[in-house]
Amino acid sequence: MGKSDMHLTRRSLLAGAAVATASLSISIRAQVLPPQGFATPSGTFPFGPEVYRERRARLMATLKDGVAVIHGAERSQTSGPVSPPFYQSGDFAWLTGIVDEPGAVLVLAPAERTYREFLLLPSRDIETERWDVERLPLGSLIEQRTGIQRVRRTSGLDALVTQLAARSRTLHFMGPITSASAPVPPAMELYGRVMSHVPGCTMKDQSALLPELRTVKEPRELDLMRKALLATQAGHLAAMKAVRPGMTERQLTAVLEDGFRQGGGEGLSYDSIVATGRNAASLHYAHGNSAIGAQELVLIDAAASVGSYACDITRTFPASGKFTAQQRADYELVMAAQDAAAKLLKPGVIHEDMTEAASAVFRKAGRIDEFTHGLGHFVGLDVHDAGDYARPIPAGAVITIEPGLYNQQMNQGIRIEDLYLVTPTGGERLSTGIPRTVAEIEAFMGR
């Protein structure tokens with residue numbers, strides 16, 4: 001997405017094609033719920049319980065002692081008769097694989113003798129379940145489905161953490177660190193209550209630990225991301241084939257997202273952005289029903305997800321199939337900026353240095369004021385995935401490189417966004433199956 005801090009909601013592809021919406025903030029995760037059971041929690045997704053057990057063990061081996069509390073997401077409130085889709089917290093999902101239980105909490109106590117991990121779930125509400133979804137009672141079935149040793153209710157969270165902290169005297173804050181004007185994270189509120197009742201109990205900042213663990217992708221994660229890319233490729237190619245002057249952005253979105261389905265996509269990584277002409281110069285553009293002009297460029301920022309894993313691709317191409325001379329020059333300037341950043345990509349590079357390399361291309365051309373967003377972001381379980389941009393990028397990370405130029409007076413916005421895997425020796429562009437250069441785009445659209 002051409003907006004290194006863009007917040008985008010997700011929808012199931014099964015809901016059909018609809019107009020994209022987007023706004024700037026932090027993104028939430030791509031997700032399709034697993035059809036594993038008639039009551040929640042339905043199990044772990046997309047991997048088996050042993051995967052998440054091993055991840056928790058890795059985390060606890062690093063923490064060594066103390067208590068760590070990781071809250072899952074709460075369900076969004078609505079005044080309407082139908083609940084909005086639920087999207088789980090990325091950290092919680094990465095550690096548990098539980099994607100269908102709002103308000104769940106994970107408690108880890110690495111130094112405990114017998115039970116070192118606890119899953120706490122909200123109490124059941126039978127009346128609510130008649131409208132929403134049936135939930136399991138406490139018992140061994142939940143433990144079997146999730147692979148977590150002990151399952152309790154969230155009403156006992158304070159008592160449990162106080163009891164564990166009284167023995168360990170250490171509380172690990174796992175994040176997130178939020179703005180001073182944002183609500184206080186629930187773990188921080190909980191720790192404050194516990195420390196006021198346990199003399200000598202202290203809190204350690206471990207907010208960098210989960211992003212560090214999540215940045216390096218496991219082979220099984222990369223497999224799902226490659227499948228998501230194949231589905232994304234199918235959608236982008238379908239849109240490039242189908243675009244015609246006079247059709248609307250909404251009609252092209254329908255073609256795009258049907259291509260995702262046909263290519264094996266299970267959901268959207270984020271709401272699709274399909275913008276023509278001047279609309280593409282607005283990063284928040286979300287209306288999606290303008291007619292596509294014969295001489296206009298079309299910007300598509302859209303991607304499918306598979307197994308809750310996201311990808312993120314943007315292509316800009318001429319509705320006519322041929323770039324004008326000015327469009328070609330501007331497009332190739334954006335591609336030169338992307339190439340300048342990509343040349344630096346290798347383990348140990350600092351993201352800021354890549355941003356400066358791309359900016360230097362625009363600055364030399366006198367167009368730096370038209371580059372109005374960040375260079376890119378990590379991608380994985382969240383489309384804007386966990387990672388520390390101030391630290392050297394490790395091998396195994398997946399990032400976007402997505403420079404752009406946005407000029408409303410010229411009635412155009414141009415962004416080129418590709419997905420890169422950081423290899424032990426450099427970087428691999430994963431999205432090679434979607435035409436990127438002027439020659440590739442014109443040749444493909446001219447067939």
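Helices H5 and H6 are oblique to each other, a word used here for angles that are not under 35 degrees (roughly parallel), not over 145 (roughly antiparallel) and not 65 to 115 (roughly perpendicular). The structure is a predicted model, in which local features need pLDDT of at least 70 and side-chain atom pairs count only at pLDDT 80 or more, while totals for chains, interfaces and linings use all residues. Residues are numbered from 1 along each chain as its sequence is written, and side-chain values use heavy atoms, with hydrogens and water left out.

Two packed helices are described by the angle between their axes and the distance between the axes. For helix H5 (residues 157-168) and helix H6 (residues 186-195), the axes come within 10 Å and cross at roughly 60°; the axes are lines fitted to C-alpha atoms over the stretch in contact, and angles run from 0 to 180 degrees between N-to-C directions. Helices (H or I, at least four residues) and strands (E, at least two) are DSSP runs, numbered from the N terminus. The crossing of H5 and H6 is right-handed, meaning that the near helix is turned clockwise from the far one by less than a right angle. On the H5 side the contact (heavy atoms within 4.5 Å) is made by Leu-157, Asp-158, Val-161, Thr-162 and Ala-165, and on the H6 side by Leu-190, Arg-193 and Val-194. Sorted by class, these residues are 5 nonpolar, 1 polar and 2 charged, where Ala, Val, Leu, Ile, Met, Phe, Trp, Tyr, Cys and Pro count as nonpolar, Asp, Glu, Lys and Arg as charged, and the others, Gly among them, as polar.

We turn next to the backbone. Most residues other than glycine have a negative phi, and most peptide bonds are trans. Buried means under 20% relative accessible area, exposed over 50%, and partly exposed in between (1.4 Å probe, protein chains only).

The peptide bond from Phe-45 to Pro-46 is cis, with omega near 5°, and Pro-46 is placed in the loop between strand E2 (23-24) and helix H1 (49-63). A cis bond, with omega near 5°, also leads from Gly-175 to Pro-176, and Pro-176 lies in the loop between strand E7 (170-173) and H6.

Another loop, between helix H11 (351-364) and strand E14 (398-401), holds Asp-385, which is buried at a relative accessible area of 5%. The side chain of Asp-385 makes a polar contact with the side chain of Lys-217 at 3.0 Å; such a contact is a pair of N or O atoms within 3.5 Å, and within protein one must be able to donate a hydrogen and the other to accept it, while residues adjacent in sequence count only if both atoms are side-chain atoms. Leaving aside neighbours within four places in sequence, the residues in contact with Asp-385 include Arg-214 and Phe-378.

Helix H11 itself contains Val-361, whose C-alpha atom is separated by 5.5 Å from that of Ala-337, 24 residues apart along the chain.
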